Structure formats: structure tokens, C-alpha cells
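I opened this entry to record what I looked up in the structure. The notes follow in the order in which I made them.

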Number of protein chains: 2
Amino acid sequence: MLILASANDALRQRWRAAPDEDFQEVTNATELAGALRATPSALVLLHLALPGLGGVEGIGALREAWPDAPLLVLSDLPAEQEGRALMRHGIRGYANAHINARLLAKAVRVIRQGEVWVGRRLMQHLIEELTHQEAPHPSLDTLTPREREVAELVATGLCNKRVAQRLAVSERTVKAHMTSILQKTGAGDRLVLALLVKGHGLHGKPPPAG
Amino acid sequence: MLILASANDALRQRWRAAPDEDFQEVTNATELAGALRATPSALVLLHLALPGLGGVEGIGALREAWPDAPLLVLSDLPAEQEGRALMRHGIRGYANAHINARLLAKAVRVIRQGEVWVGRRLMQHLIEELTHQEAPHPSLDTLTPREREVAELVATGLCNKRVAQRLAVSERTVKAHMTSILQKTGAGDRLVLALLVKGHGLHGKPPPAG
DNA sequence: GGGCGGGTTGTACCAAGGTACGATGGCAAA
DNA sequence: TTTGCCATCGTACCTTGGTACAACCCGCCC
């Protein structure tokens, strides 16, 4: 079962050409809830501007109420930020509401297959953000195993004394490691080191020591 | 043009059923380079175990050499970590090398369409990681505009003196803001505050003050 | 007007971070 | 064996971070 959810007649008509299966049309959030009560796992082509839905926020509630229903959200003006927010809520697809029928049909098939339908640009954006935050600073590779261990603990917010307790060594030893770490990485202090470890490092400014 | 790149005969035979267009088969990295010289924008079904490729690392080099060639990487044992690493290099799809022909054909069509083909699980993982790191700590909402400003700067690794310069106020003022910030957020020191701001906060431990 | 919150600044003080001299022992490569 | 790296620890010292007393000005609301 497929549910076409939009108050826009022209839009629904366009979408109607997409599915090769039974479908049902609703024009507001109340009707949508009714349809989902009957078929809780129906795939929903959901117009983001659906009356009563409440936009992005409302989709969070919808997802909680009907976690089994895959949502393909169609926006009149897709934006990356909007897309990201929606993806966080676990939607299965995000596309332009005025997408052509062939492409929409493809999206439906892909989602039925268990995959996710996202535009290349949005996907790229997601990946970029991820890598941007993921990649630890290369200078960390020069650290010894023990130093790396200390760096990791410091990057969680522990003070030298706590790190010493964790590693069962004296605070003096931790300081010694820290001096070496800061020297190698070029981080001026433990805060910058933490940012480096967490991937928020200032990649543009290479450390003096290699 | 489509390039099937694998040293495994059985695999290539399986893949052969996928495309509805001209294709060419290669069995090692050298042949692949030759084929790409002829058609630099060909879609490549790339077996990760291709001889001479060099695994994930090699793909980075391949991407740099042939940035126009969309890559659908097929792994014998797909793993999320591997997938993430590959996505960072800008590949356009990632799937199991023993995928059935129908699904592979779909992946090819999707990529041709300009979209990205990723398994639902990997995609979900990407999103989750993204949201996990994106969300700043809720206690930051209680900060005044000025305090937020200070917190942001501190979270970039600046010391009090530098923050003072940036905001054109005295260091004493920065300290005053910091005292208030740390009190409101419950962060014991500026490092923990930075982690909070950057979304690496210890969400499990709510601050004493609301 | 008076209270209140936000932004600003001063002096003093203590704790923590980080460095500068050191030192010792283990262990692996040359 | 010697050389070098790694891990460990001590004392002394300076810098920075953060708090505890303060104080003043401004805009807003009762």
C-alpha cells in the first residue's frame, strides 16, 4: 500500500503516475493518521507542506507514532539543511515535490528495496560533514601508543590527576607525556589537543614539528 | 560505457547481466587505468579486491587520477567502517560484490541518475553519527548571547586573553562570563565546555544547574 | 522610582596546566 | 655492547584558569 499525502491536487495527480501498486490519497494530517491506522506499514509520499503536519517538527512526531511506515518526504523547495534535519528523524527518502513521475517511481522502488533515496548533493554534503568531523589530525600518528592513550583520555575532558589514576601512573608521568604530545602535535594546550583528537582541529595550520 | 573490474571470473560473469549498455572487462589495476584512459567518465563496477588496486587507499589515488569516473565499489565483505572510508573518497556507490544482478542493475541506474547507492544500514549509520556529533548540549540554551559568544570562541581553542581581544573587552570580563558559563552548563572547565559545544558532551551526566 | 538582569571591570587568591632542569630502567636494533 | 627510544618519576618554577570578594552602567518592567 502507498499513501499520497498532499493538499495540492496537481501534485497528487502527478504522483499518481508513479506507483504500480494500490494507493490511497489524503489531503491533511488527520486523514493521513486514519490511513496509517489501517495500514501502519504503508509507504507514504509525504508533502512537507501537508496541512496539520507541522513541517519538519511534525515529522518527528509522525515517525514516533508510526515507526513502521517508510516516509518519502517531498519538499517544494528542498534544502540541504532541511534534508539533514529530516534524515535525523529516520525518513527513507527526500526529494523535490515536483519531481517527474519516472524518477518518483524509481525512488519508490528503491525505498521498497530497503535502500535510501537521497539526492547526490545532499548525500555528498552529509559525507563531507561526517568526514570533516571524523578525521583526526595527521600529527596524531606520530604519537607513541602510550601518548595516544593519554591524548584520548585528555580529549574526554579528564584532568591530569584523573588520567594518572586511570593509567595507574603518577601525575608527573602524565605531564611528561603531555609535554611530548603537545610538542609533537603542535597543539598549544590540552584544549586544542582535544579538538585535534575529536576532529575539530585547525587543519589549515600545520604543526612545526613532524 | 561501463567497466567491470574484477579478477574473479565468476563475479564478472554475474555482473555482466546487470548493465543494458556497452561494457568492458578488466582484471587488474593496470588494465583498468588503460580502459579509463579511453573513456575517462565510464562508470566502474570496481571489485575492492582488484589486483594492484591497493584496497581502500588505492581508491583514493584512483579517484584523484580519474575524478570523472563514477565508482560503484563492490566488496566481498562490506563493512560500515570500510564504507565510510570509501565514501570519504567520493565514491558513488557501495555494495556487496555478490549482489544479485537485478539489484546491481538498479544500483547502476540510480548512479547514472546522479544519485548515490548506499545500503540502508550504512546510510542510517552515517546519519546517526552525524546527528550524534551535531547536537550541542541543551544546557547551552540557558546562556545569554554574550556568554554564547564567549563559549563559541573558547570552544575553538582560544585562551582568555585572545577571547578578550576578539570581543574588545578586558580579560577580567571574559573570566566573569566564563564563571557564569561553567556554572550554568555544569562543565567543570573550559575543555569540557568545548566538548559540550562541539557536541561531544557527556549527555548522560546532566548539569546540577538548570 | 526601584528592582532586576545583562554586560563590564578591578584586586586578590588558589588550583591546575605546562616547562625545565634533571633521573632510572627496559628493550630492541645496529 | 652501545645506542636510542619509550615509559616512568622527582623538584622547582612560571603561566593560565577559575573563583571570591567587590563595584558601575544601562535598559526594561512593575
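**Helix 2 of chain A**

I began with the outward side of helix 2 of chain A, where T30(A), G34(A), R37(A) and A38(A) are exposed. The model I consulted is a predicted one. I then looked up the buried residues of this helix, which spans residues 29-38, and found L32(A), A35(A) and L36(A). Viewed down the axis of helix 2 of chain A, these buried residues fall within an arc of 100°, so they line one face of the helix. I noted the general rule that an α-helix has 3.6 residues a turn, so residues three or four places apart point the same way. The cover over the buried residues of helix 2 of chain A includes strand 1 (2-5) and strand 2 (23-26) of chain A.

**Surface near DNA strand C**

I next examined DNA strand C, which 18 residues surround. The closest are C159(A), T144(B), R146(B), V169(B) and T173(B). Two or more residues each come from helix 8 (160-167) and helix 9 (171-185) of chain A, and from helix 7 (145-154) and helix 9 (171-185) of chain B. Helix 9 of chain A gives the most to this surface, with four residues.

**A151(B)**

Finally, I looked up A151(B), which lies in helix 7 of chain B. Is A151(B) buried or exposed? A151(B) counts as buried because it has 25 C-beta neighbours inside 10 Å, the threshold being 20 or more. Leaving aside residues up to four places away in sequence, A151(B) touches L140(B), L143(B), I181(B), L193(B) and V197(B). I also noted R190(B), 39 residues from A151(B) in sequence and 8.5 Å from it in space, C-alpha to C-alpha.

Definitions and conventions. Residues numbered from 1 in each chain as written. Chains lettered and ligands numbered in written order. Predicted model: local features only at pLDDT ≥ 70, side-chain atom pairs only at ≥ 80, totals over all residues. Buried ≥ 20, exposed ≤ 12 C-beta atoms within 10 Å, placed from the backbone. Arc of directions from axis to C-beta. Contact = placed C-beta atoms within 7 Å. Near = placed C-beta within 6 Å.
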